Amino acid sequence: MARPEKERPQTLDEAVAQLKRDPSHPVRARVDNLDVELRALATAEAGKPRKLGSRMAALGPWRGESPDEILRFLREARAAGGSAEPPKV
């Protein structure tokens, strides 16, 4: 939901504080004569490998990848810290 101009943060500190309260929504601020937008980036928790489901979701919809391509992706995920060995073909 857009905020009226008069309710927008006037400093970067105010904008960051607002973003911390609700990191799912970008924050627009007017600082001096500059319009800025801050948004939080989704990052994996430090030190924790992403789960297979998250990795597969990051690929997007299935587009007819071959079994070899899928197994290659699973092996790469395993090498990056996944939890199970993919089947050998």
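Good morning. I begin with the hairpin: strands β1 and β2 form a hairpin with two residues between them, and D32 in the turn has a positive phi of about 55°. Helices (H or I, at least four residues) and strands (E, at least two) are DSSP runs, numbered from the N terminus. What we are viewing is a predicted model, in which local features need pLDDT of at least 70 and side-chain atom pairs count only at pLDDT 80 or more, while totals for chains, interfaces and linings use all residues. Residues are numbered from 1 along each chain as its sequence is written, and side-chain values use heavy atoms, with hydrogens and water left out.

D32 is found in the loop between β1 and β2. Its phi, near 55°, is a positive value in a residue other than glycine. Is D32 buried or exposed? D32 counts as exposed because its relative accessibility is 70%. For these words the cut-offs are as follows: buried means under 20% relative accessible area, exposed over 50%, and partly exposed in between, with a 1.4 Å probe and protein chains only.

Now the strands themselves. β1 covers residues 27–31 and β2 residues 34–38, and the two pair in the antiparallel sense over five bridges; two strands pair if DSSP finds at least two bridges between them. V31 has L34 as its bridge partner in β2, and R28 stands opposite E37 in β2.

I take one residue from each face. V27 touches P9, A15, Q18, L19, V36, E37 and L38, not counting residues up to four places away in sequence; contact here means heavy atoms within 4.5 Å. R28, leaving aside its neighbours within four places in sequence, is in contact with R8, P9, V36 and E37. From R28 to P9 the C-alpha distance is 7.4 Å, and the two are 19 residues apart in sequence.

Next, helix α1, residues 12–21. Which residues of α1 are buried? They are A15, Q18 and L19. These residues cover an arc of only 100° around the axis, which puts them on the same side of α1; the arc is that of the directions from the helix axis to the C-beta atoms. The face turned away from that buried side carries the exposed residues D13, K20 and R21. What covers the buried residues of α1 includes β1 and β2.

The segment before α1 holds T11, which counts as partly exposed because its relative accessibility is 33%. T11 and V31 are 20 residues apart in sequence, yet 5.6 Å apart in space, C-alpha to C-alpha.

The largest nonpolar core has five residues, namely A15, L19, V27, A29 and V31. α1 and β1 each supply at least two residues of this core, and β1 gives the most, with three residues. A nonpolar core is a set of buried Ala, Val, Leu, Ile, Met, Phe, Trp, Tyr and Cys residues joined through side-chain atoms within 4.5 Å. In soluble globular proteins, nonpolar side chains tend to be buried together.

I turn to helix α3, residues 67–79. Its 13 residues should span 18 Å at 1.5 Å a residue, and its end C-alpha atoms are 18 Å apart, which agrees; the expected span is 1.5 Å times one less than the number of residues. The buried residues of α3 are L71, F73, L74 and A77. Seen down the axis, they fall within an arc of 155°, so they line one face of the helix. On the other side of α3, D68 and A79 are exposed. After α3 comes G81, whose phi is positive, near 115°.

Finally, the protein as a whole. Its secondary structure comes to three helices and two strands, following the pattern α-β-β-α-α along the sequence. Of its 89 residues, 16% count as buried. Among contacts with a separation of 6 or more, 9% are accounted for by residues 24 or more positions apart. The accessible surface comes to about 7500 Å², of which 56% belongs to carbon and sulfur atoms; accessible areas come from the Shrake-Rupley method with a 1.4 Å probe, and for residues only the protein chains shown count as cover. Thank you.
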